[in-house]
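This briefing is for a reader who is meeting the structure for the first time. Please look over the sequence and the model before reading on.

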Amino acid sequence: MSKITVVQAGRLLDGTGQAIDDATMVVRDGTIEAVGPRGSVAVPPDAERVDAGDMTVMPGLIDCHTHLGGASSPNYTTWVVEDDLRQAILSGQQMRALMEHGVTTIRDISRNGLRLKWAVNNGHMEGPRIVACGPGLSRTGGHGDAHNLPCDMIQRSHPWAMLADGPEELRKSVRLLNRMGADAVKIWATGGGMWDKELETDQHYDFEELCMVVREAAMVKIPVLAHAESLAAAKDCLRAGVATLEHGEELDDECRRMMVENGVIHVPTLQLFLGPWFDEYPPPPREGLENYRGDTMVEKEKNRVADNFTASRLAGVTIAVGSDSFSSIDVPYGASTLSEVHTMVETGMPESDAIVAATLNGAKALRVDHLTGSLEAGKAADFLVVDGDPLDDIRSLAQDRLRYVRRGEQLWLDELTPHRSPTR
Ligand SMILES: [Zn+2]
């Protein structure tokens with residue numbers, strides 16, 4: 001017998017940018033059957049009722065960039081040498097934190113992400129829909145390496161990276177990832193500023209290497225996501241045919257035009273750059289930085305990154321939310337996803353667009369938009385009830401304002417079911 005739930009809410013944001021006041025949504029066995037203004041949707045008589053009053057119903061959040069590596073420490077060496085089994089356990093806790101913040105779908109770059117996907121898909125654990133990349137590809141001495149440890153230890157035990165150099169090794173590595181069940185391939189096309197000779201502005205794979213990764217992945221119809229923090233690397237990635245640019249904090253008009261024309265999605269991970277991060281990890285000086293507003297180089301760099309994001313947005317590049325959570329200490333899981341949405345709005349993006357970036361655009365980036373990302377008939381009932389109106393105040397999209405969280409048939413939070421009042 002099918003289970004029917006009728007959701008009634010003051011406001012429903014459908015994830016495509018539309019808002020429906022006084023909305024009704026009918027869910028049958030975890031799938032949305034109908035959505036519309038009250039009265040326009042037939043309500044089956046035997047349905048369970050979820051009354052969200054004047055609160056907001058919206059799709060579950062999609063985080064396009066997580067690392068469920070289970071690292072207990074943000075230390076670059078510790079996260080490789082610590083016990084893999086402990087990390088496996090902690091990765092489940094990191095996934096739980098995402099769930100508690102309303103994240104119902106993720107794209108994850110880590111070894112444990114592949115195992116979590118298996119556990120969730122086989123019903124051993126509750127969890128988000130996981131598009132699993134497995135370990136990302138880093139060059140030797142790149143961002144996914146730990147330069148003070150033996151290389152074979154990285155290959156065995158780095159929580160979210162493996163090393164590969166040159167087209168042939170990259171070909172083999174993509175095939176190994178296929179064998180592990182990867183749904184997408186992550187590459188570090190530039191450095192990321194953790195080690196010597198590993199600056200954000202240093203390109204780490206050349207055009208030929210990038211083309212090999214994209215071509216190999218395309219043979220099994222999986223997309224490539226590229227960490228690209230310099231203009232030259234972003235351009236080579238775009239010419240090679242990557243599907244999404246991660247960070248991409250140095251783009252020009254030609255990049256933006258290629259992104260719009262080819263449907264390449266920008267996952268800017270803004271909160272990393274505009275939060276306290278730079279104060280701790282000073283960025284490399286970029287060309288022309290002195291022309292940006294701000295008193296210090298760090299302020300100027302933050303303004304440069306913000307302007308780069310705004311230029312992407314105004315050029316019509318599709319933007320999606322990614323937190324880059326890799327440690328509960330520096331980039332807490334779930335909280336950073338929400339903070340990314342807030343930061344986008346605080347950088348000038350309209351609230352309605354930020355909600356789409358956190359939902360439907362994420363589903364497009366992950367190529368699961370036929371399954372989730374918006375509240376439309378036929379898609380999974382992945383949705384939240386928020387006590388507030390995120391279109392009016394984006395910060396009402398907060399963990400302590402979540403009243404109901406559902407992923408299809410999994411009900412993660414229900415504070416709407418009326419409690420019996422105590423007898424006096
Ligand atoms: Zn990352």
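Is His65 buried or exposed? His65 is buried, with a relative accessible area of 0%, where buried means under 20% relative accessible area, exposed over 50% and partly exposed in between, found with a 1.4 Å probe on protein chains only. The model is predicted, so local features need pLDDT of at least 70 and side-chain atom pairs count only at pLDDT 80 or more, while totals for chains, interfaces and linings use all residues. Residues are numbered from 1 along each chain as its sequence is written, and side-chain values use heavy atoms, with hydrogens and water left out.

**The zinc site**

- The protein donors of the zinc ion are His65 (NE2), His67 (NE2) and Asp324 (OD), which lie 2.1 to 2.2 Å from the ion; donors are N, O and S atoms within 2.8 Å of the metal (3.2 Å for Na, K and Ca), and sites may look incomplete because water is not among the atoms.
- Along the chain, the donors of the zinc ion follow the spacing H-x1-H-x256-D.
- His65 lies in strand S6 (residues 61-66) and Asp324 in the loop between helix H11 (297-314) and helix H12 (335-346), so the pair ties together parts that are 259 residues apart in sequence; helices (H or I, at least four residues) and strands (E, at least two) are DSSP runs, numbered from the N terminus.
- Asp324 is buried, with a relative accessible area of 9%.

**Helix H7 and its surroundings**

- H7 is mostly covered, since seven of its ten residues are buried, among them Lys235 and Asp236.
- The buried residues of H7 pack against helix H6 (207-219), strand S12 (224-228), strand S13 (244-247) and H8.
- H7 is followed by Gly241, whose phi is positive, near 100 degrees.

**Helix H7 against helix H8**

- The axes of H7 (residues 231-240) and H8 (residues 253-262) come within 10 Å and cross at roughly 25 degrees, which makes H7 roughly parallel to H8 (angles under 35 degrees count as roughly parallel).
- Leu231, Ala234, Lys235, Leu238 and Arg239 in H7 meet Glu254, Cys255, Met258 and Met259 in H8, where contact means heavy atoms within 4.5 Å.
- By class, this contact of H7 with H8 has six nonpolar, no polar and three charged residues.

**Helix H2 against helix H3**

- The axes of H2 (residues 84-100) and H3 (residues 111-121) come within 10 Å and cross at roughly 65 degrees.
- Gln87, Ala88, Ser91, Gly92 and Met95 in H2 meet Asn112, Leu116 and Val120 in H3.

Terms used:
Axes are lines fitted to C-alpha atoms, for helices over the stretch in contact, and angles run from 0 to 180 degrees between N-to-C directions. Angles under 35 degrees count as roughly parallel, over 145 as roughly antiparallel, 65 to 115 as roughly perpendicular and the rest as oblique. Ala, Val, Leu, Ile, Met, Phe, Trp, Tyr, Cys and Pro count as nonpolar, Asp, Glu, Lys and Arg as charged, and the others, Gly among them, as polar.
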